[in-house]
Amino acid sequence: MDVKTKDLWVFMETKEDGTAKNVGIELLNPGRRLADKQGGKLVSVVIGYHTDAAVKEAGTHGADKVLVLDGKEYQRYTTDAYTNAVEYLLKKYAPTSMLIGATPNGRDMGPRLSSRLGTGLTADCTSLDIDDASGNIEWTRPAFGGNLMAVIMCPNNRPQLGTVRPGVFKKPSLCENKAEIIHEDFHVPAEQIRTRLLKTILEDSSDFVDLEGADIIVSGGRGVGGADGFKVIQELADALGATVGASRAAVDEGWITHSHQVGQTGKTVGPKLYIACGISGAIQHVAGMNSSDVVVAINKDADAPIFNVADYGLVGDLFEIVPALTAAIKKNKA
Ligand SMILES: Cc1cc2nc3c(=O)[nH]c(=O)nc-3n(C[C@H](O)[C@H](O)[C@H](O)COP(=O)(O)OP(=O)(O)OC[C@H]3O[C@@H](n4cnc5c(N)ncnc54)[C@H](O)[C@@H]3O)c2cc1C
């Protein structure tokens, strides 16, 4: 596809009530930097039903333009409606690139768009930049089981497409809303939507762990030694009003469920405070938590790699340190 504009697009996924999902707002952060480097505008693409709130959020988080498709058929994601709609917009405006959240919906739509447009898509990126020499986006993602970070470029085809997991980037700060809003009138007839939602089965709320939305996370690894060991982790989390996370080793041992797992094959988190207890700091774990604002590591091995990403390191037995911390926090609160 021939490019018509240097603009960079961010796909803003919406909820059924028309508000924006966090990941679309987060992507405006790297989007701003890439758009400026490309010499184009930052465009947010909002698709949904009754989308006023999402459109406003795009503007107050720095989008220069908001392209809006509002219609009943977009209230709930369907592969056909969304792929047809975004394909239409991409063909009409032909921007250089588009960032998509690596949500289940984004992971469904992104590859279909890349196939229809005959271009590349880099999935699950963890950082983004522009190669100064060529102007191509440098999409960085874990490769070979997370043992190295691959930098991928799409030099010959446009648009450049990539997905980024929720929580990798922080939301940009609020700003004055100066966005130009463009309403597009594109609708997908019902007969073109080949799927029907028959039933919604809500996730078992007892197993829902909102790690991505947590401000504080206390995580345990193999060092906690067993399911019982997570009691001290839970007590510290309760004292701090935090959510409990875990390494894959602890999950694989069956000490805690996968919904608590942080890392490459778990959740990507970005809390204000991340406390890693008895976690060595393998690259696959760090990939899921290294955008935390402050990292505290507790480990009895002074050479554990987790200390390389920690702001504060406590070398010692977690079964002495964690209860002492919990007691101190409770005393302080009292
Ligand atoms: C494709 C792939 C995907 C992966 N995805 C993930 C992922 O999403 N998330 C993830 O976490 N891992 C993931 N892994 C696994 C990862 O490589 C590590 O094996 C795992 O993170 C190790 O977990 P851990 O740090 O708890 O255990 P270990 O590496 O065994 O570390 C335990 C640590 O506890 C310390 N310790 C022991 N006892 C105490 C004590 N009493 N007090 C204080 N410290 C103590 C030890 O010094 C050690 O540093 C993945 C691996 C692969 C190949």
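Helices (H or I, at least four residues) and strands (E, at least two) are DSSP runs, numbered from the N terminus. The model is a predicted one, in which local features need pLDDT of at least 70 and side-chain atom pairs count only at pLDDT 80 or more, while totals for chains, interfaces and linings use all residues. Residues are numbered from 1 along each chain as its sequence is written, and side-chain values use heavy atoms, with hydrogens and water left out.

Look at the two faces of β2. Leu42, Ser44, Val46 and Gly48 lie on one side, Val43, Val45 and Ile47 on the other, and all of them are buried. What stands beside this strand? β2 pairs with β1 in the parallel sense over 5 bridges, and with β3, also in the parallel sense, over 6 bridges; two strands pair if DSSP finds at least two bridges between them. Met12 has Val46 of β2 as its bridge partner, while Val43 stands opposite Lys65 in β3.

From here, move on to helix α3 (residues 52-60), where Ala54, Val55, Ala58, Gly59 and Thr60 are buried. After α3 comes Gly62, with a positive phi near 105°.

Now for the ligand. Around the ligand are 26 residues, of which Arg222, Ser247, Thr265, Ser280 and Gln284 come nearest; a residue counts as near if one of its heavy atoms lies within 4 Å. This shell divides into 6 nonpolar, 15 polar and 5 charged residues. Here Ala, Val, Leu, Ile, Met, Phe, Trp, Tyr, Cys and Pro count as nonpolar, Asp, Glu, Lys and Arg as charged, and the others, Gly among them, as polar.

Some polar contacts (pairs of N or O atoms within 3.5 Å) can be picked out. A nitrogen atom of the ligand lies 2.9 Å from a backbone N or O atom of Val262. An oxygen atom of the ligand is 3.3 Å from a polar backbone atom of Gly266, and an oxygen atom of the ligand is 2.7 Å from a side-chain N or O atom of Gln284. The elements giving two or more residues to the shell are α7 (248-252), α8 (283-286) and α9 (318-333).

Definitions and conventions. Polar contact = N/O pair within 3.5 Å; in protein donor to acceptor, adjacent residues only side chain to side chain. Buried < 20%, exposed > 50% of the residue type's maximum accessible area, 1.4 Å probe, protein only.
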